[in-house]
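Look at the sequence and the structure, then read on.

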Amino acid sequence: MKNKIKDVVLFNIGAVVVGLVISACMLLFMDVNPVTVFSKAFLKIITDKYTLGEVLVKATPLMFTALAFAFTYKANLFNIGAQGQFYAGATVAVTLSLSLGEALPTPLLILVVLVCSFLAGGLIGALIGLAKAKFNANEFLVSMMSTYVVDAFMDYLLRTFLRETKGEYLQTDPISQNAYLPNIIPGTRVHLGFLLAVLTAIVVWVLLYKTPLGFRIRAVGNNASAAELAGIRAKKIYVIAFLISGGLAGMAGLTEINGVQHMLLQDFNSSIGSYGIGIAILANGNPIGVIFASVLFGLLSIMGTTMGRMPGLNIPASIIDLLQGIVMLCVIVAYFLRYYMEIRREKKKLQKASVEHA
């Protein structure tokens with residue numbers, strides 16, 4: 001167990017460092033000193049209250065999509081459709097906020113939107129879990145394809161019922177300020193959604209490691225056949241795990257609509273689901289680790305934005321995706337290397353045990 005924890009820490013830290021080094025090398029091709037640029041950007045972030053707050057703003061929806069992937073991962077399932085579930089939650093959030101914005105007091109309105117956003121994402125997730133349970137469908141493919149379906153449906157709504165009043169753009173009207181998530185740090189855009197994300201991560205950890213349901217989910221993840229023999233209905237767990245996972249991704253839609261965007265735009269945050277996968281892998285599927293990994297990716301995003309705005313450097317805006325993409329790629333490679341080493345270690349233990357037994 002100690003070796004496993006050590007591997008996780010070393011490989012993940014190493015992956016982030018390697019990713020940053022590769023990104024730095026890319027800057028060299030633009031005749032930019034990466035050490036100077038990175039240090040200036042980092043100093044700007046930690047010394048400017050508003051910019052530091054943006055790190056937490058960026059981290060908020062990433063926590064939810066990372067938790068969505070991590071939750072099903074514990075059941076040895078793969079929810080690749082968090083992007084679609086995020087869109088489902090965002091669509092419901094903006095619809096309810098527009099229709100009930102002035103009819104309910106803010107606390108009650110936010111609660112209603114939160115529950116309905118969770119249910120919207122959860123419904124998509126539950127359908128994926130049901131397909132897995134009833135037809136043994138490949139949840140990887142089904143969840144991935146569900147994103148295209150939800151995206152197309154959202155696009156249809158933006159062209160028809162939800163289109164802004166003037167009909168000039170594929171977006172909704174702005175929601176009422178009564179539906180905004182309140183700011184929690186003055187002088188920044190950090191909103192209540194960040195605290196909600198952190199609390200949700202803690203609740204998910206408790207659910208997975210301190211409750212009977214969490215034990216069943218992890219048991220199915222370790223060995224579904226053995227869990228069945230122990231009286232655990234694996235198919236039921238598939239549906240429940242995907243329902244909760246989809247609901248978590250749907251909550252990310254609430255935080256973006258009611259906390260940041262205040263309207264629904266076509267194809268906004270189109271990479272939030274894929275980034276969530278990388279963050280969950282970086283955190284090794286641990287909900288508490290997801291908090292810190294999300295803040296790290298939020299920092300990388302804001303660092304890229306800050307570097308792109310530095311005068312006289314002409315660093316392209318794509319540096320943001322470059323930083324996050326390279327780090328994510330290194331994290332995924334590190335995961336497979338770590339998995340390979342664990343398999344080799346187990347094989348050596350079995351060989352040693354067989355020799356001693358002989």
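At what angle do helix 11 and helix 12 pack, and how far apart are their axes? They pack at an angle of about 130°, with their axes 8 Å apart. This is a predicted model, where local features need pLDDT of at least 70, side-chain atom pairs count only at pLDDT 80 or more, and totals for chains, interfaces and linings use all residues. Residues are numbered from 1 along each chain as its sequence is written, and side-chain values use heavy atoms, with hydrogens and water left out.

**Helix 12 itself**
- Helix 12 covers residues 287-308, 22 residues in total. Helices here are DSSP runs (H or I, at least four residues), numbered from the N terminus.
- Helix 12 reaches 32 Å from its first C-alpha to its last, close to the 32 Å expected at 1.5 Å a residue. The expected span is 1.5 Å times one less than the number of residues.
- Asparagine 286 caps the N-terminal end of helix 12. One of its side-chain oxygens lies 2.8 Å from the backbone nitrogen of isoleucine 288.

**Helix 11 with helix 12**
- The angle of about 130° makes helix 11 oblique to helix 12. Angles run from 0 to 180 degrees between N-to-C directions, and axes are lines fitted to C-alpha atoms, for helices over the stretch in contact. Under 35 degrees counts as roughly parallel, over 145 as roughly antiparallel, 65 to 115 as roughly perpendicular, and the rest as oblique.
- Tyr275, Ile279 and Leu282 of helix 11 touch Val290, Ala293, Ser294, Leu296 and Phe297 of helix 12. Contact means heavy atoms within 4.5 Å.
- This contact has seven nonpolar, one polar and no charged residues. Ala, Val, Leu, Ile, Met, Phe, Trp, Tyr, Cys and Pro count as nonpolar, Asp, Glu, Lys and Arg as charged, and the others, Gly among them, as polar.

**Helix 3 with helix 12**
- Helix 3 (residues 49-73) packs against helix 12 at about 135°, with the axes 7 Å apart. That makes helix 3 oblique to helix 12.
- The contact includes Leu62 and Met63 of helix 3, and Ile291 and Phe297 of helix 12. Its residues divide into 14 nonpolar, five polar and two charged.

**Helix 11 with helix 13**
- Helix 11 (residues 272-282) and helix 13 (residues 319-357) pack at about 45°, with axes 9 Å apart. That makes helix 11 oblique to helix 13.
- Among the residues that meet are Tyr275 in helix 11 and Met328 in helix 13.

How values were computed: Helix = DSSP H or I, 4+ residues; strand = E, 2+ residues; numbered from the N terminus. Polar contact = N/O pair within 3.5 Å; in protein donor to acceptor, adjacent residues only side chain to side chain.
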